[in-house]
Amino acid sequence: MQATKSVFIAISSLFFSIGFLAIGYGMIMTFIGLFLKEHGTSDMVIGLINAAFFLGAMASSIFSQKIITNVGHIRSFVTFASIMVITFLLHSMFLNEFFWALLRLICGFAYYGLLIILESWLNEKSSNEQRGQILAIYTTVFYLSNAIGQLLLNIDEDLDHIIFSIGAVLVLFSVVFIAMTKIKEPILKPFERYSFPKLYNVVPLALTGSFISGFLVGGFFTMIPLYIIKLFDSKEVLSFFMAFTILGGLISQWPIGRLSDIYGRRKLIAITGFFTTIVSILFIVLPSNNIMIYFLGVLLGASIFCIYPLSLSRANDVIDENKDIVEICRALLFVYGTGSFIAPIIIGLGFNYLGYQTLFIIFAVLGVYLALYSLSKKRVADDDMSVFVNVPVTSSSVMPEIDPRQDQDWVDEQQKVV
């Protein structure tokens with residue numbers, strides 16, 4: 001007990017750093033589209049600029065580990081954080097669409113490099129017995145911090161110009177906690193290339209679910225703010241809607257996970273897909289008022305934020321012990337990032353040519369497709385099922401190593417509880 005307590009005290013600096021970073025990330029991610037829209041940028045271009053962030057994230061999952069290995073975790077963290085601060089400040093100094101796309105690309109690379117550093121540190125300090133607790137705290141901190149970041153958007157309109165400066169300050173706060181840490185620097189494994197056709201034959205539902213989840217979550221953070229502003233023309237409504245949706249994602253993790261352990265991942269993915277479709281249709285047909293939009297936001301978060309953890313659990317259910325589950329889960333994460341990259345491009349084109357309702361039409365189609373596809377797959381026998389584990393929807397390639405399902409003794413213990 002004492003040892004566990006000392007470990008959590010030792011890594012508390014990591015959680016504080018993650019918290020400040022997530023607040024700044026969440027706030028700026030939502031604000032980018034809003035700021036560009038106010039300055040007359042077309043929805044299609046906004047989508048392309050937002051997509052550049054996820055392109056940078058995908059590149060980071062491949063190339064940033066070499067940088068971290070060469071110069072160390074603390075130096076790399078300071079470097080990536082400094083790059084993020086520079087990009088935030090340059091956003092506020094120059095408004096050029098091509099330049100902003102470049103800044104978002106660099107910012108995405110730096111942000112996911114920071115996640116790799118933080119998550120590899122968490123993995124280093126996590127024993128098999130503590131991984132579940134540490135991952136649960138990490139997930140909670142990430143969701144709550146992201147929600148707080150949305151509320152910071154509700155700032156006096158005359159102070160809009162300092163949003164990027166606030167984001168820079170929050171990232172710098174995360175540096176303070178890391179610069180003073182005494183945690184041993186872990187060794188990162190090199191990035192391995194994936195054979196996606198081969199992977200699809202092994203975990204088709206997990207791969208499909210990961211891609212659709214990335215599309216839905218990426219579309220939520222980058223393009224739904226434009227829809228809400230179009231409807232209400234209010235930053236206050238936008239900030240509360242985003243916060244309620246993220247909190248809906250947090251509070252749904254445990255009950256959805258529990259039900260999936262009892263009834264199977266296939267059924268819960270199908271239910272979540274159908275639920276996403278229903279909620280998307282409700283956004284289109286129900287009258288728009290503040291209370292209704294907040295309620296629908298909670299329901300939307302409860303659906304789209306659960307699909308990726310369910311897909312990851314499905315992969316753990318069907319992969320045999322002879323395959324490298326860590327590498328397969330990293331591939332799923334890469335596919336998730338691909339979905340996030342494509343989402344703002346497709347939705348931005350839809351906004352430009354078909355109107356704002358296109359977003360929820362796409363969400364509804366993807367939801368029903370995922371549900372039907374899930375039901376077409378075979379059920380996993382109860383004895384072969386793993387257990388559900390909550391994971392943040394924004395994670396680095398190191399996250400699969402933290403996943404406690406890599407320890408069979410932990411899985412066996414959890415299955416007894418279930």
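Biologist: Why is C306 called buried?

Modeller: Buried means under 20% relative accessible area, exposed over 50%, and partly exposed in between (1.4 Å probe, protein chains only). C306 has 0% relative accessibility, so the residue counts as buried. C107, at a relative accessible area of 2%, is buried too. Keep in mind that this is a predicted model, where local features need pLDDT of at least 70, side-chain atom pairs count only at pLDDT 80 or more, and totals for chains, interfaces and linings use all residues. Residues are numbered from 1 along each chain as its sequence is written, and side-chain values use heavy atoms, leaving out hydrogens and water.

Biologist: How do you know how covered helix α9 is?

Modeller: By counting: 18 of the 19 residues of α9 are buried, which makes the helix mostly covered. Helix α9 runs over residues 204–222 and reaches 27 Å from its first C-alpha to its last, close to the 27 Å expected at 1.5 Å a residue. The expected span is 1.5 Å times one less than the number of residues.

Biologist: What about the whole protein chain?

Modeller: Of its 418 residues, 59% count as buried, and the chain has 18 helices and zero strands.

Notes. Helices (H or I, at least four residues) and strands (E, at least two) are DSSP runs, numbered from the N terminus.
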